[in-house]
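Colleague: I am new to this structure. Please walk me through the terms and the values behind them.

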Amino acid sequence: MPHVQHLYLFSRPTDREDQQLRALLSETMGATPKVSSTDTPQGRLYSYPTERSVSEMELRRELLTLLIPWGRTTHSAFYLPSTSATAEITHVAFDLDGTLTTTELLPELARLSGRSEEMTALTEAAMAGATPFRESFMHRTELLRGLSREALHSVIRSITLPTDTTLLLRELSLPTAIVTGAYQPFVEDICERVGLSVFVGSAVRYTADGDFDGLDPEGIIDAEGKRAFLEEWTAGALASTLYTGDGANDLDALAAVGHALFYTAQHGDLRGLVHQILSADLPPLFPTTR
């Protein structure tokens, strides 16, 4: 018998977006019954049965590989619970650049040398999965080599969090972490602002004179690094973890957790979406999944 998967879109799509999304779901599910949908006050629920013999995590990974570029193009937000997400959420984690912040760090740093547009294009290609993350990250970082520590930290301090995002991070009562590939000094600064103590970011190096000297190759947090951190931090409770991310480097984490939220800061209202999921305020979806 087929088991039913769900995707909850936090908006009403245009006809074209709806057709695109149905095509992506059908492509991943294979020869299955037609994708069905139900409109709700908050958005649209898609249900799609599958009888494929692959594991659910692999199925979710395949689907997210297609959905992430679509979501970035349409600035959509969607919730993808697994069929194992039957217990209350116990842990909450977020990506940083472009998820919690509306401004990406690397393009802002590149602005100091007049290469912001180039950096933005390279960053978007990596986040959409068009180029391998580690390779792209190393290349983008090379464009910033020689930047002074003072300049780096000045730009970091200039990047703000939306007011509702700051409020969300401060009010969550569940164990909360920021899990990102962004530079560790950036993550540390943001966590200090909102009072979080659990985080991971990519280690950077400085020269003896204090200038930025790029990444520590052994300390880069890539997609697998994010998933591994979450598994260790939650003591294996991935099925009851909510993770929010916006790019290809979030693929493994989003596929592994029981509660995956794809969200770009351009969509807005992260606080509202997270609270809807935490309160199970998505009537058509539950109690089917929880």
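Modeller: We start with the domains, then turn to their interface and the salt bridges.

Modeller: This is a predicted model, where local features need pLDDT of at least 70, side-chain atom pairs count only at pLDDT 80 or more, and totals for chains, interfaces and linings use all residues. Residues are numbered from 1 along each chain as its sequence is written, and side-chain values use heavy atoms, with hydrogens and water left out.

Colleague: What makes domain 1 and domain 2 separate entries, and where do they lie?

Modeller: The domain assignment gives domain 1 as 1-81 and domain 2 as 84-104 + 161-289. Such bounds come from an automatic or database domain assignment. The two centres, taken over C-alpha atoms, are 22 Å apart.

Colleague: How many residues does each domain bring to the contact?

Modeller: Domain 1 brings 22 residues and domain 2 brings 29 residues. Contact means heavy atoms within 4.5 Å.

Colleague: How do you know how much area domain 1 and domain 2 bury between them?

Modeller: Buried area is the accessible area (1.4 Å probe) that two parts lose on being put together, summed over both. Here that comes to about 2400 Å², with 67% of it on carbon and sulfur atoms. On the side of domain 1, F10, I68 and Y79 supply 26% of the area buried against domain 2, more than any other three residues.

Colleague: Which polar links cross the interface of domain 1 and domain 2?

Modeller: The rule finds nine residue pairs in polar contact there, both residues at pLDDT 80 or more. A polar contact is a pair of N or O atoms within 3.5 Å; within protein, one must be able to donate a hydrogen and the other to accept it, and residues adjacent in sequence count only if both atoms are side-chain atoms. Two salt bridges are also found across this interface.

Colleague: Which element gives the most to the side of domain 1 that touches domain 2?

Modeller: α2 does, with nine residues. Helices (H or I, at least four residues) and strands (E, at least two) are DSSP runs, numbered from the N terminus.

Colleague: Why is R271 called partly exposed?

Modeller: Buried means under 20% relative accessible area, exposed over 50%, and partly exposed in between (1.4 Å probe, protein chains only). R271 has 29%, so the label is partly exposed. E171, with 31%, is partly exposed too.

Colleague: Is D189 buried or exposed?

Modeller: D189 has 18% relative accessibility, so D189 counts as buried. Its salt-bridge partner is R193, with the closest N and O atoms 2.6 Å apart. Both lie in helix α8 (residues 184-194), four residues apart, about one turn of the helix.

Notes: A salt bridge is a side-chain nitrogen of Lys or Arg within 4 Å of a carboxyl oxygen of Asp or Glu.
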